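Here are my notes on this model, point by point. Please read them with the structure open.

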Amino acid sequence: MTLAIHTAVGQLPAIRLCAPDGAEATVTLYGAHLVSWKGADGKERLFCSAKSALDASRAIRGGVPVIFPQFAEQGSGMRHGFARVSNWRLEDSGLEDGAAWASFGLALGDLPTTIADAWPHQFMLCLRVAVRDNTLAMELTVRNLGAAPFPFAAALHTYHLVPDVCEVRIEGVSSDEISMVEKLDKIYPGVSGRATMATSEGSMVIEQTGFTDAVVWNPGQVDAAALSDMENDEYKRFVCIEPALLDPFMLEPGEAWTGTYRVS
Ligand SMILES: O=P(O)(O)OC[C@H]1O[C@@H](O)[C@H](O)[C@@H](O)[C@@H]1O
């Protein structure tokens, strides 16, 4: 049985993972961007904007953008880093304990010179995506292959698809329950690593290790209207809960950092 199928999303080459139990995930090589995740129940769990560019002209609006080596504008580089707008390589794929998985790689040599010149560190990124049952597991590893340390920040900027953002309740990210009444764009440093998100359709458990922080974002009506790659009312259908490592982490030569993330 083929578990990793070469396909396309818009104009972007992509890999579709199909687990024997029916769980599915689709990852574009542009950004190693998980654009769709369906559980074994067949239900889509990620939001992707109908207006998203799917031609490598800009980052995909939805799914799970990989943020590296900079979060938002916290640095002098590209907003949210270059990983989400770079062409990754499919490294491997397979089946493990009933989960279909694939790993994707990005290294300095894969970057166009304009980007590589601005961030000339000998890094290697590996993103592993696995699906089975109603569970998504992702793992991001950053390696320093060079002779000097480098700092980085990282996040998995997940757009959870929800029936109505106003009904979302998030527990475990902050000491208070978070509800999404209006625009919210907030960093929660030093999270416990286990949170739940409840909607009218049920609840999900979100677990993370290595990622020390979380960011919760929904643009609300006014900011959403200003986003050219989002329909005006699409903000009602997602909430981003992002496992993140925001304080730049200094990675020593020969060392690796790994962040894990699991949604079930
Ligand atoms: O429009 P972008 O670059 O994808 O960013 C979306 C949002 O990403 C979130 O992580 C930030 O906290 C927000 O401030 C930002 O607006």
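1. Contact first, since the term is used below: two residues are in contact if their C-beta atoms, placed from the backbone, lie within 7 Å. Leaving aside neighbours within four places in sequence, Glu242 is in contact with Ala155, Leu156, His157, Thr158, Ala214 and Val215.

2. Ground rules. This is a predicted model; local features need pLDDT of at least 70, side-chain atom pairs count only at pLDDT 80 or more, and totals for chains, interfaces and linings use all residues. Residues are numbered from 1 along each chain as its sequence is written.

3. Annotated site. The unreviewed UniProt entry lists His157 and Glu242 under "active site". UniProt positions are given in the numbering used here, feature names are shortened, and annotations may be inferred rather than shown by experiment. The two residues span 86 residues in sequence, yet no two of their C-alpha atoms are more than 4.7 Å apart, so they gather at one spot.

4. Where do His157 and Glu242 sit? His157 lies in the loop between strand S10 (150-156) and strand S11 (159-161). Glu242 belongs to strand S18 (residues 238-251). Helices (H or I, at least four residues) and strands (E, at least two) are DSSP runs, numbered from the N terminus.

5. Burial at the site. A residue is buried if 20 or more other C-beta atoms lie within 10 Å of its own, exposed if 12 or fewer, and partly exposed in between; C-beta atoms are placed from the backbone. His157 is buried, with 23 other C-beta atoms within 10 Å. Glu242 is buried too, with 24. Not counting residues up to four places away in sequence, His157 touches Val64, Pro65, Ile67, Cys240 and Glu242.

6. Two strands pair if DSSP finds at least two bridges between them. In this model, 9 strands form an open sheet with antiparallel pairing, in the order S6-S7-S8-S9-S19-S16-S15-S12-S13. Strand S6 (89-96) and strand S13 (178-179) stand at the edges with a single partner strand each, so one side of each is left without a neighbour in the sheet. As background, strands of a sheet pair through backbone hydrogen bonds, either parallel or antiparallel.

7. Strand S7 (residues 99-107) and strand S8 (residues 123-132) run antiparallel and are joined by 8 bridges. Phe104 has Leu127 in S8 as its bridge partner.

8. The S3-S4 hairpin. Strand S3 (residues 24-28) runs antiparallel to S4, with 5 bridges joining them. Ala25 stands opposite Trp37 in S4. The hairpin has 4 residues between the strands, and Gly31 there takes a positive phi near 85°. Strand S4 (residues 33-38) is mostly covered, with 5 of its 6 residues buried.

9. Backbone items to inspect. The peptide bond from Phe68 to Pro69 is cis, with omega near 0°. Pro69 is in the loop between strand S5 (66-67) and S6. Ala72 is found in the loop between S5 and S6. Its phi is positive, about 45°, although Ala72 is not a glycine. His80 is likewise in the loop between S5 and S6. Phi of His80 is near 60°, a positive value in a residue other than glycine.

10. Are Ala72 and His80 buried or partly exposed? Ala72 counts as partly exposed, with 18 C-beta neighbours inside 10 Å. His80 counts as buried, with 22.
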